[in-house]
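Subject: Two-chain model for your review

Hello,

Please find the structure below. My notes on it come after.

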Amino acid sequence: MSVLQPTTAPDVAHHAQRQRIVDAMIESCAEKTYAATTITDIVARARISRTTFYKQFEDKRACFDAAIDYCLEELQRIAAAAHSPSDPAADAARKGATAVVEALAERPGLAQLLTGDAIAVDPMAIERYRKATLPALNALWSEDREVDTHTDPRLAFGQAQVLILNQIAAGEIEGLPELLPEIVYLAVSPYAGHEEALAQSRLVKNAKIGSATGSDR
Amino acid sequence: MIDNSEDLRQWRLPRGRHGLPRELVERSQRERLLAAVVRVTVAKGYESATVGDILGEAGVGRESFYELFDDKLDCTLAAHKILVDDLEEQVRAAYATPRPWPARVREALAATLDWFSADPDAARFTLVELSTVGPAFRPIFQAEYARFTRLLEDGIGDGDPNPALKGASGLAVGAMLAKIYEEIVLGRTTELPSLLPNLTYDLLVPFVGEEVAQEEQQRATHSSG
């Protein structure tokens with residue numbers, strides 16, 4: 001290895017730049033929607049040149065797709081980190097769903113990009129979310145579950161998405177955790193059934209009351 | 001609701017009084033423009049569709065268009081409102097039948113699926129294209145989601161089951177939206193009515209539990225088969 005090489009490897013710098021552009025895209029979409037966002041907006045926010053932008057992305061849409069992928073990866077990471085392998089499946093589903101909803105409430109740009117813009121830009125975006133989410137949920141449960149007796153996981157996913165979109169449409173992203181009883185119900189009911197889903201949903205409510213009185217673990 | 005249906009009848013069956021030809025002409029022009037904006041938007045997408053496209057499709061002049069509507073968005077939202085009002089009227093009528101509550105939910109669901117499958121262009125325009133109109137989308141989505149959630153909730157009488165899950169009505173409307181949206185995007189709009197048994201089950205479970213929902217699912221299977 002030559003001593004003349006720069007201390008920061010080119011691909012690290014390249015990666016950081018790409019991330020700055022993706023962050024700029026997320027911020028701009030949150031502020032003025034994807035349709036109104038221009039390349040000029042993105043390069044100004046990311047403090048890069050137009051040339052640099054086009055070295056990283058073919059066009060605005062390619063950059064947007066990268067932003068969606070980044071958001072999905074973030075949420076997957078957050079969901080995975082929220083539970084441990086020793087958790088029973090229903091508890092793991094509750095913890096993962098809770099962590100994701102709380103992350104969306106804290107990062108409105110991410111929530112808006114995923115529920116508002118992505119769907120307007122590409123109606124098939126929902127299919128991408130499902131592919132990113134459902135296998136992880138499925139994997140929590142053993143394979144011998146009686147699929148036929150419970151609700152459809154694909155539908156539950158769509159329901160959760162509509163609930164979140166509605167909350168965002170109301171301009172109340174910070175209130176997303178209020179939806180947790182319903183979203184936890186949706187995350188559990190396709191796999192463990194109505195009664196277990198209700199029980200998990202009540203655990204969320206109790207946790208909220210518990211944290212309000214300071215007795216939460 | 002009575003007001004809405006009144007508007008709709010006027011739109012569909014213009015009955016201008018004799019001696020008011022101008023009013024008559026405007027009504028039929030408006031009607032043609034509203035039908036045209038649906039077709040053009042579905043064919044080209046909201047962003048690509050122009051007022052010129054709508055005029056061409058409707059056979060109406062530019063001046064007349066701007067007498068009736070502010071712009072493309074105004075015309076689009078007017079058509080959207082008429083369609084959603086019509087949908088609500090159909091669902092409300094089906095839901096009001098004097099039967100046990102789970103059966104009424106099934107009837108309302110069947111009416112919804114029938115409405116969307118009957119006219120794939122109107123279905124796509126109402127549910128999918130709306131999300132592309134820009135900032136106007138969010139308040140409309142929110143208002144309509146609340147409207148149908150309220151419709152479902154208002155129909156739960158004193159003798160009917162208390163939902164086991166508090167937000168069950170919102171989940172039910174969300175299920176309809178999500179499923180119908182998905183089927184439209186996948187090009188399966190005309191097959192929507194075949195989803196009735198499974199959707200009946202999925203919608204009812206959060207209210208009444210799995211057993212009662214399953215009974216109603218079976219009735220839906222028999223009634224559609």
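Predicted model: local features only at pLDDT ≥ 70, side-chain atom pairs only at ≥ 80, totals over all residues.

Residues are numbered from 1 along each chain as its sequence is written, and chains are lettered from A and ligands numbered from 1 in the order in which they are written.

Confidence. The predictor gives an ipTM of 0.84 and a pTM of 0.84 for the complex. Within chain B, confidence is lowest in helix H1 (residues 2-12), with a mean of 42, and highest in H5(B), at 97. Over residues 1-18 of chain B the pLDDT stays under 50. For that stretch the model has 18 contacts beyond four places in sequence; two residues are in contact if their C-beta atoms, placed from the backbone, lie within 7 Å.

The chains. Chain A has 10 helices and 0 strands, and chain B likewise comes to 10 helices and 0 strands. Helices (H or I, at least four residues) and strands (E, at least two) are DSSP runs, numbered from the N terminus. Of the 217 residues in chain A, 41% are buried; in chain B, buried residues make up 40% of 225. A residue is buried if 20 or more other C-beta atoms lie within 10 Å of its own, exposed if 12 or fewer, and partly exposed in between, with C-beta atoms placed from the backbone. Among contacts in chain A with a separation of 6 or more, 65% are between residues 24 or more positions apart. In chain B, 66% of the contacts between residues at least 6 apart join residues at least 24 apart.

A helix pair in chain B. H5(B) (residues 72-95) and H6(B) (residues 101-118) pack at an angle of about 150°, with their axes 7 Å apart. Axes are lines fitted to C-alpha atoms, for helices over the stretch in contact, and angles run from 0 to 180 degrees between N-to-C directions. The two helices are therefore roughly antiparallel (angles over 145 degrees). Residues of H5(B) in this contact include Leu87(B), Val91(B) and Tyr95(B), and those of H6(B) include Arg104(B), Ala108(B) and Trp115(B). By class, the contact has 8 nonpolar, 2 polar and 2 charged residues. Ala, Val, Leu, Ile, Met, Phe, Trp, Tyr, Cys and Pro count as nonpolar, Asp, Glu, Lys and Arg as charged, and the others, Gly among them, as polar.

Backbone angles in chain A. Most residues other than glycine have a negative phi. Thr33(A), in helix H1 of chain A, has a positive phi near 70°. Thr33(A) is partly exposed because it has 19 C-beta neighbours inside 10 Å. Arg47(A) also has a positive phi, of about 50°, and is found in the loop between helix H2 (39-46) and helix H3 (50-56) of chain A. With 9 C-beta neighbours inside 10 Å, Arg47(A) counts as exposed.

The interface. 27 residues of chain A are in contact with 29 residues of chain B. On the chain A side, helices H1 (10-36), H6 (108-121), H8 (153-169), H9 (180-192) and H10 (194-212) each supply at least two residues. H8(A) gives the most, with 9 residues. The chain A side divides into 15 nonpolar, 10 polar and 2 charged residues.

Regards

Methods: Parallel < 35°, antiparallel > 145°, perpendicular 65-115°, else oblique. pLDDT = per-residue confidence, 0-100.
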